[in-house]
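Subject: A structure for you to explore

Hi there,

Here is the structure I promised to pass on. Have a look at it first, and then read my notes below.

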Amino acid sequence: MSPRDYIAELCEQYGVSADFGSRMLPLAERAEKVRPEMRSRLRAFIERSFAAQKKREDEEPELELTPKEARVLRTVAGVLHDWNPPAWLNIWADRLAKKSPEPPSGDGSA
């Protein structure tokens, strides 16, 4: 069975989105190229990932959107889906990281 067929079968078996399956496809392809014992470990990991995704999807509350809200959401998502931020935007991320305070150590000392 090809990695693509394997992932499609798991999507159907667990009832998860094809988008999640496509994100797992490179791992399934990698599993085909390794030793048999490693392959079985990778496939077990992939299957556990599908089970966990199914649980997350089941626990996630459904959004009730008006038709207008749904149209706006689809429009914005379509624009952002293929967006790659420009390199200069990293300057802002670096500046913010430098300004943010260190997280508390949690050892009780102040």
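**What I found**

Let's start with Ser49, which lies in helix H3. Helices here are DSSP runs of H or I with at least four residues, numbered from the N terminus. Please keep in mind that this is a predicted model, where local features need pLDDT of at least 70 and side-chain atom pairs count only at pLDDT 80 or more, while totals for chains, interfaces and linings use all residues. Residues are numbered from 1 along each chain as its sequence is written, and side-chain values use heavy atoms, with hydrogens and water left out.

Is Ser49 buried or exposed? Its relative accessibility is 15%, so Ser49 counts as buried (buried means under 20% relative accessible area, exposed over 50%, and partly exposed in between, with a 1.4 Å probe and protein chains only). If you skip the neighbours within four places in sequence, Ser49 is in contact with Phe20, Met24 and Arg56 (contact means heavy atoms within 4.5 Å).

Now turn to helix H1, residues 3-14. The axes of H1 and H3 (residues 36-59) come within 10 Å and cross at roughly 35°. Axes are lines fitted to C-alpha atoms, for helices over the stretch in contact, and angles run from 0 to 180 degrees between N-to-C directions. Which residues meet there? From H1 come Tyr6, Ile7, Leu10, Cys11, Gln13 and Tyr14, and from H3 come Arg43, Ile46, Glu47, Phe50, Ala51 and Lys54.

H1 also has two sides to look at. Pro3, Tyr6, Ile7, Leu10, Cys11 and Tyr14 are buried in H1. They cover an arc of only 135° around the axis, so they sit on the same side of H1 (the arc is that of the directions from the helix axis to the C-beta atoms). The buried residues of H1 pack against H3 and helix H2 (18-31). On the other side of H1, Arg4 and Glu12 are exposed. Just after H1 comes Gly15, with a positive phi of about 70°.

Finally, find Thr75 in helix H4 (residues 67-81). Thr75 has a relative accessible area of 49%, so this residue is partly exposed. From C-alpha to C-alpha, Thr75 and Leu96 are 29 Å apart in space, and they are 21 residues apart in sequence.

Enjoy exploring!
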